[in-house]
Amino acid sequence: MNSGAGTYFDGVTSARRDVVVELTTGGLQVSDRDGHLWAQWPYEEIEGLTAPDNMLRLGRRGSATLERLEIRDPAFAAEIDARSAHVDRTGALQRSQRMRVIGWSIGATASLLLVAWFGVPAIATRLTPLLPVTFESVLGDAVNAQVRGMLDIRKAGAAFDCGIAAAEIPGRIALDKLVRRLEAVAALPLHLRTNVVRRSEANALALPGGQVYVFQGLIAKADNADEVAGVIAHEIGHVAHRDGTKAVLEGGGLSFLFGMLLGDFVGGGAVVLAAKTVLQSTYTREAESAADAYGTELMNKAGGDARALASMLEKTGGATEPGMKILMDHPDTKARVVAINKSAAAVSPSPFLEAGEWAALKKICAGS
Ligand SMILES: [Zn+2]
C-alpha cells in the first residue's frame with residue numbers, strides 16, 4: 001500500500017484539504033486531486049501528534065508552521081507508522097524501552113547477587129559453557145577490534161597482516177592449507193580465522209569467536225610446518241575450550257556481566273578492559289595443559305607430528321601466548337613437553353606442507 005487518502009492543513013490558513021498521500025522511498029508526498037504538491041516530508045522528520053483513537057495525526061519536526069496531516073485508514077496509518085522513526089502510534093517502541101529498563105534492573109540485581117555469592121571468576125566459568133556461539137562471535141569481533149589496535153603498535157592498519165602482498169600470497173595459500181587440515185578434524189561449531197601479523201615475538205593468540213593470530217616471530221622460529229601447526233592446534237584447543245571468552249568475562253568483570261544480560265556489551269570501556277585481559281593475562285596451568293592435550297590429539301587425528309608442539313614449546317620456553325613469562329627450566333614447561341611427547345601417536349606422521357609450501361610460508365611476511 002503506497003498511497004492513501006488524508007486531510008491536510010497547511011498551518012497558515014484554516015483550509016482543510018482532501019489530499020492523496022504517496023509513500024515514496026525517501027518520504028511522504030502530499031498532493032491534492034489537481035496534482036498540486038503541498039508537502040514533502042522525509043520519514044525521519046515525521047512525528048506523531050496527539051489525536052483521537054481513530055486517527056493518525058502527523059506533523060513535521062522543526063516545522064515553523066503548524067502544518068499537519070490526518071490519516072483515518074488504519075491500514076495506511078500502520079504503513080506510515082512502520083516507515084517513520086519518530087511515529088510510535090502502536091506504542092511498541094515505548095513498550096520495548098520500558099522492558100529494557102526493567103531488564104536492566106533485573107539484570108543488575110541478578111549480577112550483584114551472583115557476584116556476591118560466587119565471585120566473578122566462578123561466574124565466568126559457569127556462564128561460558130552456556131553462551132551461544134553467535135554471542136561468542138559478536139563478542140569476538142568487538143574484542144578483536146581492540147586487540148588488533150593494541151598489537152599493531154606502529155598503526156600499520158591493513159599492512160599489519162602478512163600474506164597480503166603479491167609475493168606473500170603463496171605463503172598465505174600454504175597457511176590456509178595447513179589450517180584447513182586441522183579445522184577438518186577439529187569440527188568446531190565456528191569458523192576459524194587465522195592471520196599472521198607483524199609481531200616479532202614467537203607467540204600465537206586465540207580470541208573468542210575463533211580468531212587466531214600467529215605472530216611473524218613464531219613462523220621465523222619454527223623449523224618446519226608441523227611446529228607451526230602444533231601451536232595453532234594448541235590455540236584451537238583454547239578456542240574449543242572457550243578460554244578466551246572465560247578470560248574476557250573475568251577481565252570485563254561486573255560491567256560486562258551487566259551488559260551481557262542485555263546484549264549491550266559491544267560499546268564502552270568494558271571491551272577495552274576485556275581486550276587488555278586477553279593480551280596480558282595468562283591462562284592457568286590447567287587451561288594450558290588442557291590446550292596441550294587438545295592440540296596433541298588434534299595433531300594425531302590430522303596425521304601430523306604432535307611432538308612438533310613440544311619442540312616448539314622448548315624453543316619458546318613454554319610461552320605460546322603473549323604475556324607468558326615461563327622459562328624453559330620451569331618444571332611446568334618440562335612437564336608439558338613430556339606429556340605431549342607421551343601422547344603423540346607412534347605412527348609415522350605425514351608433514352603438513354611440502355618443502356616448497358613450507359618455504360613459501362616462511363616468506364609470508366616478506367613484503368612485496
Ligand atoms: Zn595456551
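**Exercise 1. Determine which residue of E6 stands opposite Ile-46, and describe the strands on either side of E6.**

Solution. Step 1: Ile-46 stands opposite Arg-60 in E6. The structure is a predicted model, in which local features need pLDDT of at least 70, side-chain atom pairs count only at pLDDT 80 or more, and totals for chains, interfaces and linings use all residues. Residues are numbered from 1 along each chain as its sequence is written.

Step 2: Strand E5 (residues 46-49) pairs with E6 in the antiparallel sense over four bridges. Two strands pair if DSSP finds at least two bridges between them. Helices (H or I, at least four residues) and strands (E, at least two) are DSSP runs, numbered from the N terminus. A hairpin of six residues joins E5 to E6.

Step 3: E6 is also joined to strand E7 (residues 68-71) by four bridges, and these two strands run antiparallel. Here Gly-59 has Arg-68 of E7 as its bridge partner.

**Exercise 2. State which residues of strand E6 (residues 56-60) lie on its covered face and which on its uncovered face.**

Solution. Step 1: In a regular strand the side chains alternate between the two faces of the sheet.

Step 2: In E6, the covered face holds Leu-56, Leu-58 and Arg-60, while Arg-57 and Gly-59 form the uncovered one.

**Exercise 3. Identify the strand order of the open sheet that contains E8, E9 and E10.**

Solution. Step 1: The order of this three-stranded open sheet is E8-E10-E9, with mixed pairing.

Step 2: Strand E8 (193-197) and strand E9 (204-206) are the edge strands, as each pairs on one side only.

Step 3: E9 and strand E10 (residues 211-215) run antiparallel and are joined by three bridges. The partner of Ala-204 in E10 is Val-214.

**Exercise 4. State how many residues the largest nonpolar core has, and which element gives the largest share.**

Solution. Step 1: A nonpolar core is a set of buried Ala, Val, Leu, Ile, Met, Phe, Trp, Tyr and Cys residues joined through C-beta atoms within 7 Å. A residue is buried if 20 or more other C-beta atoms lie within 10 Å of its own, exposed if 12 or fewer, and partly exposed in between; C-beta atoms are placed from the backbone.

Step 2: The largest core has 61 residues, and those with the most contacts inside it include Val-143, Val-228 and Leu-309. Helix H7 (residues 225-240) gives the largest share, nine residues.

Step 3: A second, separate core has 14 residues, among them Leu-28 and Trp-41.
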